[in-house]
Amino acid sequence: MPEYTLKVRRYQPETGQGPYWQQFKVELDPDLSVLDGLLKVRDDQDGTLVVRCSCRAAICGSCGTKINGSSTLACKTQLAEAHAGANRLNGGDQPIVVEPMGNMPVVKDLVTDMEATHWEKIRRVTPWLLPEGDPPEREYVVPPQSMIDVTQSMACIQCGACVSACLSMEADPEFIGPAALAKAYRFVGDPRDAQARERLYDLAQDPHGIYDCTHCFQCIDACPKGVAPMDQIMRLRRLAGHEHEIDDINNGRRHESAFTKIIERKGTLDEALLLQESYAQGITGKLKPSMGAITGLIGSIPTAVRGLRTGKMRSLRKLIPGLHTKLPGDAQDHVKRLYAHAEEHGEELNLYITGEEEVVPEPDEAPDPLGSAVGGGRQHMDKLTEGGSEMAGEAAPTPVAEVEPEPDDEGGL
Amino acid sequence: MSELKLAYWPGCVSRGFTPELHGSMALVADRLGIELLTLDRANCCGAGVIAEHNQELADTLNARTFALAQSTGLAMMNICSTCQGAQSECQQRLDADSAYRAHINEALADEGLEYAKGKDGWTNKNFLWVLAEDYGLDRLKERITRPLSGLRVGPFYGCYIIRPKHRIGYELHPERDLYLEMLIDALGGEAVEYDGARKCCGFPVITMNRETSLRQAGTHLADALNAGADCLVTPCPLCHLNLDMQQPEAAKITGRELGLAVLHLPQLVGLALGADPKELGMEKHIASTDWVEERLLGAVTA
């Protein structure tokens, strides 16, 4: 059996010493997990090594760790895979690096305290159903297809890997964060919940809410259950800004709508106009800019002036909003027409629901009941949060292919 | 060796606030013998922002750009990590569902355009990928006239070009998140290992949460300086905006003097090909590039 070296970041607070690195060698089957390696170290070499784990099968969410710098579950990472990961760039035989999760305090060795940056934030988003009126005599009845969308966020096992990986939280610990916002979508998207708008308003107005995410995709890669928290955050933004037209204090909606309108008019980005409109849309018109927006706009002036000095902006013209030229010939008119087409339909293709279409379907593959119920997963955006009954009444488009949804693996390009 | 000819999407920022990127790309392509056919009728990729408004709109806009590129019969190249990521995301949806693709193509028909999945192995690649996969780093090495000997370069990828794993094409090209290190090495420089190489520059939230945004940029710049970097290199002009243009502001937020040159990818390649820093537009940067020039040319060209 091959021998693996585990380089573990240790911390034993009762010794009064700071954190330190310690290497252990274990002989184990390459198919076994890093967690198996750590447990073997604890059993055979050092009984003081502290690891949190329970199911060892990626179900309980206890063994979140960083392996070679990436947040994941120790039980879901094979030793061979981790060893290859540690030696990708230089080859050779570098040790597998095992650290406690990030963005949270370390209690001891690989055990972190998830209270402040995970559990408190989960409670922050009111993670329970808020239905309207008296509860029904028996169960709530909703068509299954109206729930499929939220099953993705329901798959969360609260391991904290996404929180550990979140780069926005690294800079702003108050950010509500990927796990809690994915949980928020689970209720916003639930047809039984009656407080979607109030929830969205709350999350959009929070200075550390949905508009604090930088689209870095770290949470999507870290999640062992395919929850794709960032995708859920983008859905929350789409619903808050576009659907419910919540004009948040963070300039989130202003930025999005200014950006979208500029491309409709110009085809490519007029940065000066975007800057002005993100802070103070219609500065001369109906939308009065907030105090924070004005400060933001003024704060961006020194940067612009510096750019003018080095010739980066080429001319003052580039800094005057609205002077940017549109696409040549009739290209801009065609772009405008695309807007009309897309705004009329507003379809959202959810690959979590549809999976990717097989080019040549397997002949003896059984049709998947979920896939056909949903009809290819194309849905109108405005139906996402509405009651299930309307969706049920909607004639489902004929499924183009029956593909099994694979929450854990969306497939590559 | 055959010449490489590509349909070229420069993006918006490379012709806006980072004109030195577009200029240096043209110069470098010429020296490498890569012919670029600019898609001047193409539109913005939406940068993930239009998708927040209406996903179908973002998909349609990018399908239009892909169709324009396909109509030239050439593969497509971009010079922006964000374009790459936003476009790959739309392409993934377009390729996943033929009915959806047909629906989007309906909108394009007016202009006589159509996006076809997998047409003659059509690809859309960032210049970094083109260099590593199509041009070849060995072929690049043959053209080097001024190796970047002694230059310590910190790679800064930009999130969109390396994540999420299921969309970046690692199945076919497993080393895509190592190309910058490989390229720096091929150019004769030394890749600096530091914490921020694959982290977020913070730019997407600059108008929403300025402090969080600049703290991210400032932290990565400081980490690279601590690791002994002479400069950073990035294939993403949006990262460049936060790392270079906003650097003085990031320094204020992080309470630390910074002053680290940030080069666009074609600028770094151009230096190794013997181009003059001025031709590459390096004087347009906010963070001075004097130190880099001094290391390479032995004299400050104020």
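A salt bridge here is a side-chain nitrogen of Lys or Arg within 4 Å of a carboxyl oxygen of Asp or Glu. By that rule, five salt bridges span the interface of chain A and chain B. The model is predicted.

One of the salt bridges joins the side chains of B:Arg41 and A:Asp330, at 2.9 Å from N to O.

**Extent of the interface**

Chain A gives 81 residues to the contact, and chain B gives 81 residues. Together the two chains bury about 7400 Å². Carbon and sulfur atoms account for 59% of that area.

**The side of chain A that touches chain B**

Several elements of chain A each supply at least two residues to this side, among them H6 (167-171), H10 (229-243), H11 (252-266) and strand E8 (347-349). H15(A) provides the largest share, 10 residues. The classes of the residues on this side are as follows.

| Class | Residues on the side of chain A that touches chain B |
|---|---|
| Nonpolar | 32 residues |
| Polar | 27 residues |

**H15(A) against H5(B)**

Which helix of chain B packs with H15(A) at an angle of about 150°? The partner is H5, residues 98-109 of chain B, and the two axes lie 9 Å apart. The crossing is right-handed. From H15(A), the contact uses A:Leu338, A:His341 and A:His345. H5(B) answers with B:His103, B:Glu106, B:Ala107 and B:Leu108. By class, the residues of this helix contact are three nonpolar, three polar and one charged.

How values were computed. Residues are numbered from 1 along each chain as its sequence is written. Chains are lettered from A and ligands numbered from 1 in the order in which they are written. This is a predicted model: local features need pLDDT of at least 70, side-chain atom pairs count only at pLDDT 80 or more; totals for chains, interfaces and linings use all residues. Side-chain values use heavy atoms; hydrogens and water are left out. Contact means heavy atoms within 4.5 Å. Buried area is the accessible area (1.4 Å probe) that two parts lose on being put together, summed over both. Helices (H or I, at least four residues) and strands (E, at least two) are DSSP runs, numbered from the N terminus. Ala, Val, Leu, Ile, Met, Phe, Trp, Tyr, Cys and Pro count as nonpolar, Asp, Glu, Lys and Arg as charged, and the others, Gly among them, as polar. Axes are lines fitted to C-alpha atoms, for helices over the stretch in contact, and angles run from 0 to 180 degrees between N-to-C directions. A crossing is left-handed if the near helix is turned anticlockwise from the far one by less than a right angle, and right-handed if clockwise.
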